[in-house]
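Work through the exercises below with the model in view. Try each task before you read its solution.

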Amino acid sequence: LIAWNVTRGEIEDFLYREAALLDDWKLDEWATLFTDDAHYVVPSNDFPAADPTRHLVMIDDNKQRLLARVERLNSRHAHREFPHSRTRHQVMNVISEGGDEQGLRVSASFIVWRFRNDRADFYVGRYDYVLAAAETGGFRIRYKRATLDMPSLEAAGTVSIIL
Amino acid sequence: MLDSDLARLVDEDLTRFRVDRAAMTSQEIFEIETVRVFESVWIYLGHESEVANPGDFVRRTVVGRPLMMIRSRKSNAVRAFFNTCPHRGATICRQDAGNAKVFQCFYHAWSFDSDGALIGVPDEAGYPPSFDRADFGLMPVPRCESYRGFMFVSFNPNVEPLVDYLAGAKEYIDLIVDACDDRIEVIAGKNDHGIEANWKLLAENSFDGYHALPTHETYFKYLAKIDKTDEPGDDSASSSYLANGSVRDLGNGHAVIEKFSPYGRPLAKWAPSYGEESRAEIEQLRARLVKRFGTETAIRMMDNGRNLLIFPNLVINDVMSLTVRLFMPVRPDRMRVTAWAYAPASESPLLRAKRLDAYLTFLGPGGFAAPDDVEALESCQQGYAAGGIRWNELTRGMAREPRATDELQMRAFWRRWRDLMANRVLAGAAR
C-alpha cells in the first residue's frame, strides 16, 4: 500500500463537492473531475461483482462516453431528464481503503433521491472510487463505481441521472 | 364486456386502423386479457442454457405466477413447475438461480427431487394411511416446450404445439441461432425494471421504426461521432436505412422489422467504434458465415438488424447486440421488464467485450436510448388519463408497400390480440 497523507475530511469535502455539482446539474464541471483514463461503472442490480468486459452492466463509461452522456443530459433531447429532475446525492460512511499505484481507494454509502413529474425515486448503494492526485492539489476521479443495493429497478425504472 | 364489445376495441377498415385507449387503461379489460391472452398462448420462460447442468434451476415470475425452471438430474430434460409447495403453499425456490440436489420447502421441510417428486416428509407417520406421496409432487406447468433453446410455457393444456404457434417467427429464430453457431449463452447480469405503462405499449415500441429518429436523436448523434457515420438528416445513412427496411407479418400476432444496420454488429460487421484490434477477427467471422450459409443469407445475418416480436410479450432484438426482452403485465398501467444479452457461446473474449460495449450505448436502463423509450411509454399512459380522445391511430403504411417506419407490424399484433380477446380464435390457442 502507498501511504497517502490525506484526512477523511479532505476526501469527504471532495465527494460532497462532486455531489453538489451533480445536484446543481453542473455536469460539464463535474466531468472535469475525471482523469482522461477514467471509468464510471454501474453494475446490473443482480450482479454487483460484474466485470464490464465479460458481464452485462448498466453503465460502463470511458471518458469519451462519459462526456457524451453529459452532452446528452445537457441537451433538450434526453427526454427522461428534460425537464431535469431534482436530485439529492447523499454520501455517507466514507472509508479510505488505502492507496496503490492507481490511486487512493475510497468507499462510501450513497442515497440518491430523484424527484420529477410527481415521482419520487431512490437509488441506494455503495460507491467505490479510485482517486488520483490532481496537479493543482486535491483529487481527480480515475474510477467511480456505483453498486446498487436494490435487487431490481422495479421502482425507479431507469438510471437516467448520474449516480 | 361482451365479446362483440371486445372486438370493437380494434377498429379497422381498408384505410384506417385504430385501437381504443381503454385497452391500455381498463381494469376489466386487463383481467379478461390475463385469461384470454396470457393464459391461453405460449409465453417465453427462459433459455435452456440458463440451466445448463443437471439440478440447475432458475425462478421466474410469469404473468404474476412464480414459476421455476429445473433441469432434471435423471433425464436431463428441462421442465417448468409452479413454485409453490403442494402442502401449504410456501414458495419452494427462494433464490433466483442455482443448483440443487433436493428442493426443500423451508416451512415444514417437505422435499422434492429435480423431477418434482415428493421424496421427504418429516414425521410422515402422522398422516392417515391413505396419504400418497405421488399426490403431492411439485405441479408442472401444463405445457413446456422449447424451440432451439428458447423455452416457452403455456397454462393452456390444449394449446397448439410450440412449433406451430411460432409460425413465421421460426425462420428468424433459426437465422439468429444459426449465426451463433447453434449454441447461445446468456451473459450474466440482467436488466430488470418497471415501467408505469401498459405492457402493450412496449410491444409496439420494440419494433416501431417511426419513433427511432425523433425519440433517439441523441443516440444517433453519438453514433455519428463514434462511427463517423452521417448525422441524422434526410440523406443520411441512418435515415435511409430506416426508410429502406422491410416489415413482415409472421402470423399468430408475431411480426418483424428488418433493416440494414448503420452501426457495427459483433456478428459480423466491423465499425470504427469496434477498434482496429477487432477488425481481422470480424472479417474472418464474415468469411466463415458466408462460406457456411451462402452470401445472401450470411449478408442478411450480418449486415441487417432485426426487431422481432413473438406474441404477446417476447422481443428479440438482433441489433447492435442480441437482446431478449420479456415483459409482464402487473396492472393496466404497469409492467415489469427483464432483458438479457444473449451471445454465441463460442465468442472470443475480445468480441464479447465489444458486444457488451455496443449494448450499453443504446440499450439498458442506463443507455443513451432506452430511458427515453421508458419516458415515451409513461408519457402515453399519462396522456390517456386526459380522456377526450378515444383512439390511438395505427394507420401508417396502409396505402403503400409498408416499410419498417410504418405500422403493419403493430396491426398484426393488435389483430391477434383482438381475436383472442373476442374469442375469435377457433383452433389451437382458443379456449
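The exercises go from the whole of one chain to a single residue.

This is a predicted model, where local features need pLDDT of at least 70, side-chain atom pairs count only at pLDDT 80 or more, and totals for chains, interfaces and linings use all residues. Residues are numbered from 1 along each chain as its sequence is written, chains are lettered from A and ligands numbered from 1 in the order in which they are written, and side-chain values use heavy atoms, without hydrogens and water.

**Exercise 1.** List the elements of chain A in order.

*Solution.* Helices (H or I, at least four residues) and strands (E, at least two) are DSSP runs, numbered from the N terminus. Chain A has three helices and six strands. From the N terminus, the order is α-α-β-β-α-β-β-β-β.

**Exercise 2.** Compare the radius of gyration of chain A with that of a compact globule.

*Solution.* The radius is taken over C-alpha atoms, and the globule rule is 2.2 Å times the number of residues to the power 0.38. For 163 residues, the rule gives a value near 15 Å. Chain A has 15 Å, so the two agree.

**Exercise 3.** Is A:A78 buried or exposed?

*Solution.* First, locate A:A78: it lies in the loop between helix 3 (63–74) and strand 3 (86–100) of chain A. Next, recall the cut-offs: buried is under 20% relative accessible area, exposed over 50%, partly exposed in between (1.4 Å probe, protein chains only). A:A78 has 1% relative accessibility, so A:A78 is buried.

**Exercise 4.** Which residues does A:A78 touch, not counting those up to four places away in sequence?

*Solution.* Contact means heavy atoms within 4.5 Å. In chain A, the partners are A:R72 and A:L73. In chain B, they are B:T218 and B:D372.
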